[in-house]
Amino acid sequence: MDNRVPPRAAGPGPRRRDRHGRGMRGPIAPPQVPLAASRAEAFADLVQDSVDRLERRWPQLADIDFLVLEVPRLDGPGQVWSDEAVPLGGTLAAQDGRRARVVIYRRPVEIRTKGRDERAALVHEIVVEQVAELLGLTPETVDPRYGED
């Protein structure tokens, strides 16, 4: 009598059970808990919190788009990084019917910070600096608490 089990056909679908027969495990935390948010979502929330703080004082910020990109990119095929530091943010002035934009680069900011509080402070500092550049003001004018620890 042959008791061998034929090999399972490797199909395109996911495995339904682990090798101990316990099945797929559920999520670690429910979706409404901050643990369930990805790093990119948590970073975007930090940027939005900073923008909300500034919009109370500067309502014209509603006409500016705030974007989060992973990393800054080089615009030309032959360009290389210079010896300068990697930018943490940037601005694009309004043109051709497009709204002004403030861009925050997530990965360079995450690399320079250790915890959530430090990251939130750096994100706010970058947003203030970029808004000040876009509006032609000093960062201290945009946020009187700029530079305070």
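The following conversation concerns a predicted model of a protein chain.

Colleague: What is the mean pLDDT of the protein chain?
Modeller: The mean is 82, and 72% of the residues reach 70 or more.

Colleague: Which elements have the lowest and the highest mean pLDDT?
Modeller: Strand β2 has the lowest mean among the elements, at 92, while strand β3, residues 100-105, has the highest, at 95.

Colleague: Turning to charges, how many salt bridges are found in the whole structure?
Modeller: The search finds 5. One of them joins the side chains of Arg53 and Asp143, with an N to O distance of 3.9 Å.

Colleague: Which parts does the pair of Arg53 and Asp143 tie together?
Modeller: Arg53 belongs to helix α1 (residues 39-57) and Asp143 to the segment after α4 (139-142), so the bridge ties together parts 90 residues apart in sequence.

Colleague: Is Asp143 buried or exposed?
Modeller: Asp143 counts as buried because its relative accessibility is 8%, under the 20% limit. Arg53, at 35%, counts as partly exposed.

Colleague: Which residue forms a salt bridge with Glu70?
Modeller: Arg106 does, and the closest N and O atoms are 2.7 Å apart. This pair also links distant parts of the chain: Glu70 is in the loop between β1 (64-69) and β2 (89-92), and Arg106 is in helix α2 (residues 106-112), 36 residues apart. Glu70 is partly exposed, with a relative accessible area of 39%, whereas Arg106 is buried, at 9%.

Colleague: What separates Glu110 and Arg106 in helix α2?
Modeller: About one helical turn separates Glu110 from Arg106, because they are 4 residues apart in helix α2. Glu110 and Arg106 form a salt bridge with closest N and O atoms 2.9 Å apart, and both residues are buried.

Colleague: Which residues are linked in a network of salt bridges?
Modeller: The network links Glu70, Arg106, Arg107 and Glu110.

Colleague: Changing topic, how far apart are the end C-alpha atoms of α1?
Modeller: They are 28 Å apart. At 1.5 Å a residue, the 19 residues of α1 should span 27 Å, which agrees.

Colleague: Which residues of α1 are buried?
Modeller: They are Phe43, Leu46, Val47, Ser50, Val51 and Leu54. Viewed down the axis of α1, these buried residues fall within an arc of 130 degrees, so they line one face of the helix.

Colleague: What covers the buried residues of α1?
Modeller: The cover includes β1, β3, α2, α3 (116-135) and α4.

Colleague: Taking Ser50 in particular, which residues does Ser50 touch?
Modeller: Leaving aside residues up to four places away in sequence, Ser50 touches Val123, His124 and Val127. Ser50 counts as buried because its relative accessibility is 3%. Its C-alpha atom is separated by 8.1 Å from that of Ala120, although Ser50 and Ala120 are 70 residues apart along the chain.

Colleague: And where does Gln130 lie?
Modeller: Gln130 lies in helix α3. Gln130 is buried, with a relative accessible area of 9%.

Colleague: Which residues does Gln130 touch?
Modeller: Again setting aside residues up to four places away in sequence, Gln130 touches Gly89, Gly90, Thr91 and Val102.

Terms used. Residues numbered from 1 in each chain as written. Predicted model: local features only at pLDDT ≥ 70, side-chain atom pairs only at ≥ 80, totals over all residues. Heavy atoms only, no water. Salt bridge = Lys/Arg side-chain N within 4 Å of Asp/Glu carboxyl O. Helix = DSSP H or I, 4+ residues; strand = E, 2+ residues; numbered from the N terminus. Buried < 20%, exposed > 50% of the residue type's maximum accessible area, 1.4 Å probe, protein only. pLDDT = per-residue confidence, 0-100. Expected span 1.5 Å × (residues − 1). Arc of directions from axis to C-beta. Contact = heavy atoms within 4.5 Å.
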